[in-house]
Amino acid sequence: MERECEKSVVVAVVTEPRFTQRYRDYLEKQKLLDRQYHVEKLRDGTVALPVLAETLSEHHLQELKNRVAPGSTCKLTQLLDPLPSKKARVCSPAQRLCLEVRRWVEDRGVTWSTELEADLPRSWQRHGDLMLLSEDCFQATQWKRLEPELWETVASALGVQRLAKRGRVLPDGTRTPTVTLLLGDHGWVEHVDNGIRYKFDVTQCMFSFGNITEKLRVASLSCAGEVLVDLYAGIGYFTLPFLVHAGAAFVHACEWNPHAVVALRKNLEINGVADRCQIHFGDNRKLKLSNTADRVNLGLIPSSEEGWPIACQVLRKDVGGILHIHQNVESFSGKNPQPPGSSNMEKEHWPHPQKITTDKQGNRTTGSCMGEMSSASKPEWQRWAESAESQIASLLHQVHGKPWRTRILHVHPVKSYAPHVDHIVLDLECRPCPLVG
């Protein structure tokens, strides 16, 4: 649901150096190792092995951690501009594109120039047999005279059948991409992530490769018997993992982009879960649901704050539930990341202590802890999480007319969105407070 960074981003599995060879052998055997990039040693001494994110599943991660290398730390990370392997450097896709386009252009009597070479794309997104080019390429006037045959040459050099070029995302509330189809008769493509099929039209809907770590995390949650409300469903980025892998009993999926709704309906059908999902088309701030959800997913960035009141409204009044709140948080340059264990991220907010009965034995409802605080945690993440927790507690009191207890379960990094801007997710437990009689 957001614009992709132009730099190359590759998903990698991270573990300790002593387990690297076991991990490599397993990943190679499962054909998951991305041979286009070097294995990298990270600053903390761990090793990152680039993988093919589209075929990696939660099952593979559990195999690595429990069977292949028991006792190993198995995490996912994203490598920004990873170092190409020796094999990939022999002739990179960008070099091959330059050679073939230059040859084709000169065969037509056009003088090749540094201006034309600088105007070639340096990054792109592959969607099956369609390549989506970045917006800052093929802008020189000379290219116009070479269309449309030029696009066949570019597609051939990149090994695809269809070609499209990205423009600016429209500020229309639905974040519609302005994508121009250069070669081909339609923009429908299909991706497979963790065994889930996603179909969508790249000219009408966005797809974020960077969210793979969060989709895998969602897929690993235990949501059996739960009802979930996904306030920003899109084409089913998180709706589908909750249904297919996490075992949610039912999902209410909210979306106001009509093109995304078409894709969502199709994706629910092809993944066999249409009978466990109801689509609510329109502005989720007008949603009529209430007292329904065990979980609410708020997967909109840069901020989902406009959806917080409705998220509070749909939570079950009797037992409450868990909110998964996405946010872009700015981290100031020059500040060091917070060391592991130095933050008390698992804290509780009691808005009206004089009205609350506390369990002296400590048997408070804790929900399902999503994992430990990331070792890369930053103070800015904690400050935002605590501010969000306080605001949510206030909203819950306003919406339900009585105090609620909130507790930060986990703050999870999804990806780096831009320099000094991190996309994170806050898992917030929300429970109604028993009143003193």
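Okay, one definition to start: a residue is buried if its relative accessible area is under 20%, exposed if over 50%, and partly exposed in between, using a 1.4 Å probe and protein chains only. By that rule Cys 74 is buried, with a relative accessible area of 15%, and Cys 312 is buried too, at 0%.

Now, what you're looking at is a predicted model, where local features need pLDDT of at least 70 and side-chain atom pairs count only at pLDDT 80 or more, while totals for chains, interfaces and linings use all residues. Residues are numbered from 1 along each chain as its sequence is written, and side-chain values use heavy atoms, leaving out hydrogens and water.

So, the big picture. The protein chain has 437 residues, and 51% of them count as buried. There are 11 helices and 18 strands, taken as DSSP runs numbered from the N terminus (helices are H or I, at least four residues; strands are E, at least two).

How many disulfides does the structure hold? The count is 0, where a disulfide means a pair of cysteine sulfur atoms within 2.5 Å. Take Cys 312: the closest cysteine sulfur, in Cys 430, is 6.4 Å away, too far for a bond.

Next, the inside. A nonpolar core is a set of buried Ala, Val, Leu, Ile, Met, Phe, Trp, Tyr and Cys residues joined through side-chain atoms within 4.5 Å. The largest one here has 35 residues, and Phe 200 and Ile 235 are among those with the most contacts inside it. Helix 9 gives the largest share of this core, 5 residues. A second, separate core has 33 residues, including Leu 287 and Val 314.
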